[in-house]
Each structure stands twice: as structure tokens, then as C-alpha cells.
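Student: I've got this one open and I'd like to talk it through with you. Can we start where the chains meet and then move on to the sheet?

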Amino acid sequence: MRTILHIDMNSCYANIELLYRPELRDRPVAVGGDPEQRHGIVLAKNQLAKRAGVKTAMALWEARQACPDIVFLPPDYPKYLYFSRIAGEIYGEYTDLREPFGIDECWADVSDSTSVRGDGLRIAEEIRRRIRAELGVTVSIGVSWNKIFAKLGSDYKKPDAVTVISRENYRSVVWPLPASDLLYVGPAMTRKLRGLGIRTIGELAAADPVLLTGVFGKIGLVLHVFANGEDLTPVNNEFYETPVKSIGNSTTTPRDLVTEEDVRITLYILAESVAERLKDNGFKGRMIGISVRDSELWGFTRQCRAERPTDISTEIAETAFRLFRDNYSCERPIRSIGVRAGDLVDANAPDQTDLFHDEILRDKLRRTDIAVGDIRRRFGFYTIQRGLMYCDPQLSHVNAREDHIIHPHGYFEDGNRVFMPDRSAGQYIKHG
Amino acid sequence: MVEISPQKKYIQVNVDYMPDGRMIPRRVTWEDGHSYEIDRVTDQRRAASLKAGGTGIRYTCRVGRQTCHLFYEDMVGRWFVELK
């Protein structure tokens, strides 16, 4: 039986900022986007802000309404990534099977260390104390024999605590919890489960798996397995990287986009970043997609086949722009927009050229991209720009690659690595 | 971006970089020009300073009869001390 830890940094961004601001530790504090650029939502809040009713993902103005003397701090992702890395190095002293889940969470399989370092509880307590002493922030740790219960354990007691979920206590600790606490049970699923008379994890565990599969499909069986502590998904090795399926960038623009030129500028900015990242990762995309959200927050996505597999910013931008014009009738100003390259292929794979595309021109455009990237790396991002950007300096002052937008990885992202028991034969089967 | 609280003071330190990669602080120089030689480093470990507000490698140093902590804030590559 495995010993798995789930380590969760409490109020991660907020507590990291408060380490550096001792004078704010007694004030309600929230870390949120820059109100000037209108990305303003609460990314993290400390205990005092939480008590005043401030919730993550609230708009900054809502947070101020709930808590008038709240202090807002802008996010500083390089700092959080540093803390995540150092914490990861500390966990790494106990196991090489450590799998980050976002910036502030991490699974660690310490089964092989228990003979040397003590049991799961002992290791967890040591890690908890060390993070506090060495990084000045607190963590909650869940200890169990599977990833799902370990994560429930870290949520159980906060902050600065360790919770063990064992074969002896899981029925009394986990099963009374609401079904919505289980990983991958969101608001819609919670409603549907309630419709079946299932409110708690225990009720989900006791439900008929055939019924669950009938109603929810595969995910029904998966959740049943989760609820019974039977998830066998391994904790990935620290060097494991999930396969990249698409590369994209999106942004909420400094001001609403009103004209077609506004949209073109923004699409080019995003396409430049996507093109560079494609090249850096050795991919070309055969599919280009856009996502659009307007000022009423109505949105859509569209995609189309690229004429040729591409990693060229001009091609990506023009394809995206064509998709936009064909699908948006410009009734309302645009608030946010995104560009994505998918259906990725190896950039070095032999490429069947045809008579209809000017490969010499394409090669020139590609080499221009590379030269521009080089100049930006050496002299700064804004030292060279397309002429189009000078038409609107405010809109074009966006560095899509460096100004981080973090996407957390999903549990099922690497579809075929979710392991579940084959109950009939008593063996493992791969699900996904 | 690292903010500075009143209890956190970035200082000038002369450091020896050893062939094996170790860093050994040798001399601390204050703003007023006074400088102190570090006789011995008795401990070295990662630690956070809640008082000063930061984290780094904490060197416990003997200066004459006194013991003090110097922090190497590796995130930004600067040395700080906790002020009383």
C-alpha cells in the first residue's frame, strides 16, 4: 500500500507577499490583478480577508465592497514560481515521485522513504515544519494511500496542519464530506448528483456504479472509484512532462477592442508569442483557433485548418484574423481574445510542399520571426515591433509571452495515465 | 520584486567563492563605513526571516564574541540582516 502526501501552500500568493510585508500581516490582504489593466480579480486572500467575505475570483471592486479596508497587492509570479521551486526541492529530499499540481499544490509518493524517514505522518510533519522554518509560509498536508484522499486530507485542516486519512478512519473522515469536495465534482455535477439523492462522498461511494455510469458516462465510474479510495493513479516522476497538445495565448486587453485594426494588433501580439513558443518547443500547428469574449462577456471559439503546418507569426495572425472576420459581426466591443495553435506536428518532420504556396516567402517570414526573437532576447521585447503596433501604443504594449497567464494542469490531462482497479479480475486497467 | 521592511537591511558583504561552490562571507561593511571581519561561519542553512521579511541561506557568523545571522537572499542575489 502506498504512502502519498498532498501538500498545499495555504493562501499561497497572499502568504508569500505577507512574508515580505510584515507591516501588513494584521490587515486583510488580497493579491489581485492590476485594476488599471482591468484584469482585476482576487487571486488569493489571507485569513482576515477571507473572514470578511472576500472570495477568490471575486472582482476587486466586489472585494473592496465586502471589505472596505482591504489592501490589494499586485501578483508577482516570478516570486511564486521561486517559492514553488524551492518547496519542490525540499519535497525532493524525500522522494523523486513528486508531481506539482499548479503553483501551490504538489503530490509526493513517499512509499519508498518510509523505511528510512519514518511513516507518512512523520515525514509530513517534518515537511510542514521545514517549509515554515525555511520559507516562512505554511502548508497543509494530507496523508493517505491514494492521491484523491491525500488531497482531501490537505483541505481538511488549514492552515499549517497535517491530516492522515487511513483505512481505519476514512469512513468517518471522508464519507461525511459533501460530494462537491471530491476532485472533479463541480457545481453542475453536484446538482445532478443531488438529483440522484447523492449529497456526500459516502453516498457516492455506496451508489451503484452501473447507475452512475449510465447517468454520467465514464466519469461516473471514475468518481465512484475516487469516493472509495480505489484510485490507483501513480504520482508522476519529477521529470515527467505531459504531452503538449496545443499552444496558445490569450489576453484581456488594456481597453476594449472597437475597430478591426484593434483586433489585428492584438491578434498579431498573441500570434508572435504563439509562434515563438511553437518554435521553442519544436512544433508546427495544423490547426489555428481563436477565442473571443465581448464586453457583455459573451464569447465563442472557432478553429480552422491551417493552409500549411505553421510556426510563422504572420500566418497564424492572418488565419486568426480571417476566422475573426468570418465569425464576428462586431456588434459589441471585445474584452478579451485568444489565439491557439493545435493539432501539433514535429517541426522537423519532412513537409510535403505544394505548388500553391510560396515557400521562399514562407521561409523568409520564418527567418524574420527568428531574427526578431533574437533581437528581443538581447535588447528587450519592445526594441523592435511591427509597424502596425505604432498605430496604438497602449494596445500594443503587451508582452504576451512574459506576462504570465498560468494554466493549471488537469488531473485527466494526460488521459491514459488514470489508473483504476478492474474489480472483476483484481488487476489494474488503464482508463482514459 | 522584493519589498523592504524597516527591519530588513541589505548590506555589503565580501564573499569568498570556493572551488567546490560554497560561498563563505568574510567581511561585512555598514553604510557608515565600519566593517567587521567574520571569524567563523558556524552554521549555514535555508531559513526564512519573519522579522525582516524574506527567505534565503542563513549564515550564522562569529564576529569577535558576538554571533549574528547573515542572509543570502538567493532569489535576488543580495545579502541582508535583521535589524532590531
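Student: How many residues does chain B bring to the contact with chain A?
Tutor: Keep in mind that this is a predicted model. Chain A puts in 12 residues. From chain B, the number is 13 residues.

Student: Which element gives the largest share of chain B's side?
Tutor: On the side of chain B that touches chain A, the elements with two or more residues are β4 (40-49) and β5 (54-63) of chain B. By class, that side has 6 nonpolar, 5 polar and 2 charged residues. The largest share is 3 residues, and they come from β4(B).

Student: Which strands stand at the edges of the open sheet in chain A?
Tutor: The sheet has 5 strands with mixed pairing, in the order β5-β6-β1-β7-β8. An edge strand here has a single partner strand, so one of its sides is left without a neighbour in the sheet. That picks out β5 (98-100) and β8 (161-164) of chain A.

Student: What is the bridge partner of A:I141 in β8(A)?
Tutor: Strand β7 (residues 139-144) of chain A runs parallel to β8(A), and 4 bridges join the two. For A:I141, the partner in β8(A) is A:V162.

Student: And what angle does helix α7 of chain A make with β7(A)?
Tutor: Helix α4 (residues 77-91) of chain A lies across β1, β5 and β6 of that chain, at about 160° to β5(A). Helix α7 (residues 147-156) packs on the sheet too, touching β1, β6, β7 and β8 of chain A. Its direction against that of β7(A) comes to about 145°.

Methods:
Residues are numbered from 1 along each chain as its sequence is written. Chains are lettered from A and ligands numbered from 1 in the order in which they are written. This is a predicted model: local features need pLDDT of at least 70, side-chain atom pairs count only at pLDDT 80 or more; totals for chains, interfaces and linings use all residues. Two residues are in contact if their C-beta atoms, placed from the backbone, lie within 7 Å. Ala, Val, Leu, Ile, Met, Phe, Trp, Tyr, Cys and Pro count as nonpolar, Asp, Glu, Lys and Arg as charged, and the others, Gly among them, as polar. Two strands pair if DSSP finds at least two bridges between them. Axes are lines fitted to C-alpha atoms, for helices over the stretch in contact, and angles run from 0 to 180 degrees between N-to-C directions.
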